[in-house]
Amino acid sequence: MNTGLKITTFAAVLAAAFGTAYGVGQGIDPVVADSPPQHKDEHTRPAPPSEQAGGHAGHDTPPAGGLQISEDGYTLDLQTPSVTAGQRAGLRFTVRDDSGRAVTAYQREHDKELHLIVASRDLVTYRHLHPTRAADGTWSAPVELPRAGGYRVFADFTPAKKNARNLTLGADLAASGPYQPKELPAPATTARTNGYEVKLSGALRPGRAGELKLEVSRAGRPVTDLQSYLGAYGHLVALRSGDLAYLHVHPNGEPGDGRTRPGPDISFTATAPSAGSYRLFLDFKHDGKVHTAAFTVRAGGAAAGSGTPEGHAEDGHGH
């Protein structure tokens, strides 16, 4: 689609044309977008240091998810199919089992029962959100999307059921309003966000594990006291350009005790499901605030990232 094309009325019915959606969770978490606000992180209780289900522990990268709305008998029921861009709205959804009943019991992973990721089809807007669950199994969260267009909602969870595996279900949400897509940012090895600079090295390899190393600095000096955020020193989400296949990996050597890390670098072991372009989103915590750095990488070659200029992360974040 010509990036100059503008669609003055982008309703939910047009979301299918773009094949995307934007989901939201409750407390607003890391986001990449226009001038993201900083926020205090209150979720400091670390997750157990034991291996997480679904490959969420360090070296084991789970297979790409988020491409299906139903899997293993579970379905993501998004009850808010559309919102208006630039206006705050309530987002509601439910995870249902194969009998149609709302799921009300989950395993806690990284201090949460469910992690909600929201990304625009052009991978410029990103948010890591944590919604609130009511007793009847309905999840809800306030959301305000800055740009019209199609978004994808990713619900990352593990049911509290014997032998249940971690799942990532995806659904579409439309944001109405004047629409103008953006191009995928070009690859680079440095990203800037809220006064921090993050450098990326290593390689994202298709079909086999590769190490990605991210080093955080501020004002030209290494940050040597990164803090634990949701039981880890950093969280990394990778989304494949085109279909938004989802990967969620955690760093090698998770803390498990909530203490600060004596170093500026975080390393991840990840496997890309295929060659192609991916957008990486790193969430890290320092001085009680959570920040997001975004990179564009090409699987199959040396890792390279592209971050929006300092103060211009697409979307703001919060919890």
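Modeller: About 60 Å³ of space lies in the largest cavity. A cavity here is a set of points, on a 1 Å grid over the protein atoms alone, where a 1.4 Å probe fits but cannot get out, and lining residues have an atom within 4 Å of a point. Points are joined across faces, edges and corners, and the volume is the space filled by probe spheres set on them. The model is predicted: local features need pLDDT of at least 70, side-chain atom pairs count only at pLDDT 80 or more, and totals for linings use all residues. Residues are numbered from 1 along each chain as its sequence is written, and side-chain values use heavy atoms, without hydrogens or water.

The lining consists of Ser120, Arg121, Asp122, Arg147, Ala148, Gly149, Gly150, Tyr151 and Tyr179. By class it has 3 nonpolar, 3 polar and 3 charged residues, where Ala, Val, Leu, Ile, Met, Phe, Trp, Tyr, Cys and Pro count as nonpolar, Asp, Glu, Lys and Arg as charged, and the others, Gly among them, as polar. Strand S10 (residues 149–157) gives the largest share, 3 residues; strands are DSSP runs (E, at least two residues), numbered from the N terminus.

Strand S10 also holds Arg152, 20 residues apart from Asp172 in strand S11 (residues 167–176). Arg152 is buried at 11% relative accessibility, while Asp172, at 31%, is partly exposed (buried is under 20%, exposed over 50%, partly exposed in between, with a 1.4 Å probe and protein chains only).

Conventions
1 Å grid on protein atoms, 1.4 Å probe; cavity = no way out; pocket = protein on both sides within 12 Å on 5 of 7 lines; lining within 4 Å. Helix = DSSP H or I, 4+ residues; strand = E, 2+ residues; numbered from the N terminus.
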